[in-house]
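Please open the model in your viewer and keep the selection tool at hand. The tour begins with the whole chain and then moves to individual residues.

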Amino acid sequence: MRTLLVGRRFHPRNFKTINTPKAQASTKAVTVRDDLDVGTLYQQGRWKEALLILQVKDISVERWIYIYLLQGCIERNALTEGKRIHAHMNQRGEFMADTFLSNTLLNMYIKCGSVVDARRVFDQMAERERDVCSWTAMIAAYSRHGPAREALALFHQMKGQGARPNQFTFSSVLPACANLGYLEQGIEIHYEITRSGLQSDVVVANALLDMYAKCGSLEKAREVFDKMRQRTVVSWNAIIAGYAQNGLVDEAHELFKQMPCRDLVSWNTMMAGFAQNGFVYEALGIFKEMHQPDVVSWNTMITGFSQIGLVDEAFKLFKSMYRPNIVSWNAMLAGFAQNGFIDEAYMLFQKMPHKNVLSWTTMMAGFVQNGHGEEALRLFHQMELAGVKPDSMAFASILPACANFGALEQGMEIHEKIIRTGFQSHVVVVNALIDMYAKCGNLWKARELFDNMHERNVVTWSTIVAGYAINGFGREALKLFEEMLHCGIGPNDVTLVGVLSACSHAGLVDEGYGYFNRMSNHYQITPSIEHYRCMVDLLGRAGHLDEALDFIEKMPIEPDAFVWSCLLGACSIHNNIEVAECAAHYIFKLNPSNSAPYVLLSNIYAAAGRWADMRKVRQIMKDRGIKKAPGCSWIEVNKKVHAFLVGDWLHASVEDLSKV
């Protein structure tokens, strides 16, 4: 076999012609002179020509040539070419025990976005070949791209194998603690940093500062900040962001004013801090002070105005942007959809010059949140036809459309797509699947998904508890709640809505009071209007109507029409006219155009034989132009949901569907 030492000289001829399938197809060939080495080609920017040399199978190259070429892949984000170089290295098998070369290969895969391939290279390295750079590269990759738990697992494995973390390792693993909210592990790593004498390293200190701030430990974050001998603009930005993200905007602003110098990130951080905490006009003041706001600045303001319902102001800003990017379009789209302007949102969606998966997801979620589940499902299919692949958030956004309509067949079809695309292990997707199956009445399937989950969060537990509650299994729901607490997962406000609903369905009044009282005393959760509704429903279902009325009158927040409607519904069950009249009085004031309470009160009068009062209520409805909303039901046939009104014989498929 003839061996050419590429990187010195080609010999014995003056020219060598290398043909590739692509070159042959275009009737062109790349000609490389033998007296030019690969290093020269690389330095001249002729990287592809240098790369083509590797396609001559009988040549051997020196290690630094591989390093040059892999570095070129990093600079060009050329993953495919990097894989070809890797294949050539495997074929030759000459440098596979070379730590520096393996680290370069590892780095190439990470920088080109393929953490899976990087991990494969890492796992193939012998233990003695891995140095601190190898470990740090993989830890940093998992911290940045996920899963963050893998970064922590590798960090502990690294120490177990005797490798000593350096300042770059520590600054790479701390973001994993920050992303997961693992304060205790972050504190342990802080102790290790102190023992290693690296606490004064500015990069490490910045990472510690960021970790404590994101984990909500502002005292620790400020302690690290105050002890820093050298502070960079990154240090100031991290502490300002920490205060702002934890709602301490005044403290953040005071630090912002004290900054010796500010960069664009500083301005955007302070502006976002104001906007995210509802101080949108203060954010606007920062925005106007900026010499040259970037697209992030504009997008922050659009989102800020949208979050407090000032959609017109947000849209004015959007229209005044010179070149809105796709993030700008998505932010404005979300602003319209989340504030109920669904028609405007869809018009904007149709005008978008480019759409990514987030654009489609935002529009679908908007349809679902505004009660247009059918349109959301239609849009999901259009997205697939457009060649846009759904991600985890797209699946999690469309499944509630099936849940709200009881479209089990379509939900099962989407479940199959989730399995085919590999998202069946994503917690947010499985949570949505559990919710969909439970609301569609298939509690067995919901429980099967729950039991098979390797990782459960508070949303998972809240969803399964609510699922059992709405299907009438109140005691089983409470058992699951106790199991959740036993697993060390604290409830949130949504969990307690499910728990109180379970008590209501099971008629457990004393237990309901117990859970309600523990909300603020034990779980530090301030009861919202939804929790008060659940308590009124609980007392009403159990027949304690006077107690329910007394409970409403003592509420620290103003009862809404739904609270009074819960009481009125209970009066209908227990035939209590006096309390019904009181409840109806408040509902008529709060929601005068809703026909349901008028009909319910007139039925209560009719059941008691008070026909004159019944006719009086009906006359009030007539005088106010209020018509009873017809009853509506849905049926799913061949993966299509059909809606029927009472007495509806005009539906196109009524004859076929009546045979089902």
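How many helices and strands does the chain have? With the whole chain selected and coloured by secondary structure, you are looking at a predicted model in which the chain has 38 helices and six strands. Of the 660 residues in the chain, 47% are buried. Among the contacts that join residues at least 6 apart in sequence, 56% are between residues at least 24 apart.

Next, select residues 295–307, which form helix H18, and pick out asparagine 299 within that helix. Asparagine 299 counts as buried because its relative accessibility is 8%, and the cut-off for buried is under 20%. Leaving aside residues up to four places away in sequence, show what asparagine 299 touches, namely Met321, Asn325, Val327 and Ser328. With the side chains displayed, look between asparagine 299 and asparagine 325, whose side chains are joined by a polar contact of 3.5 Å.

Then move to residues 408–421, which make up helix H25, and select lysine 417 there. Is lysine 417 buried or exposed? Lysine 417 has a relative accessibility of 12%, and therefore counts as buried. To see its surroundings, display Phe380, His381, Glu384 and Phe395, which lysine 417 touches when residues up to four places away in sequence are not counted.

Definitions and conventions
Residues are numbered from 1 along each chain as its sequence is written. This is a predicted model: local features need pLDDT of at least 70, side-chain atom pairs count only at pLDDT 80 or more; totals for chains, interfaces and linings use all residues. Side-chain values use heavy atoms; hydrogens and water are left out. Helices (H or I, at least four residues) and strands (E, at least two) are DSSP runs, numbered from the N terminus. Buried means under 20% relative accessible area, exposed over 50%, partly exposed in between (1.4 Å probe, protein chains only). Contact means heavy atoms within 4.5 Å. A polar contact is a pair of N or O atoms within 3.5 Å; within protein, one must be able to donate a hydrogen and the other to accept it, and residues adjacent in sequence count only if both atoms are side-chain atoms.
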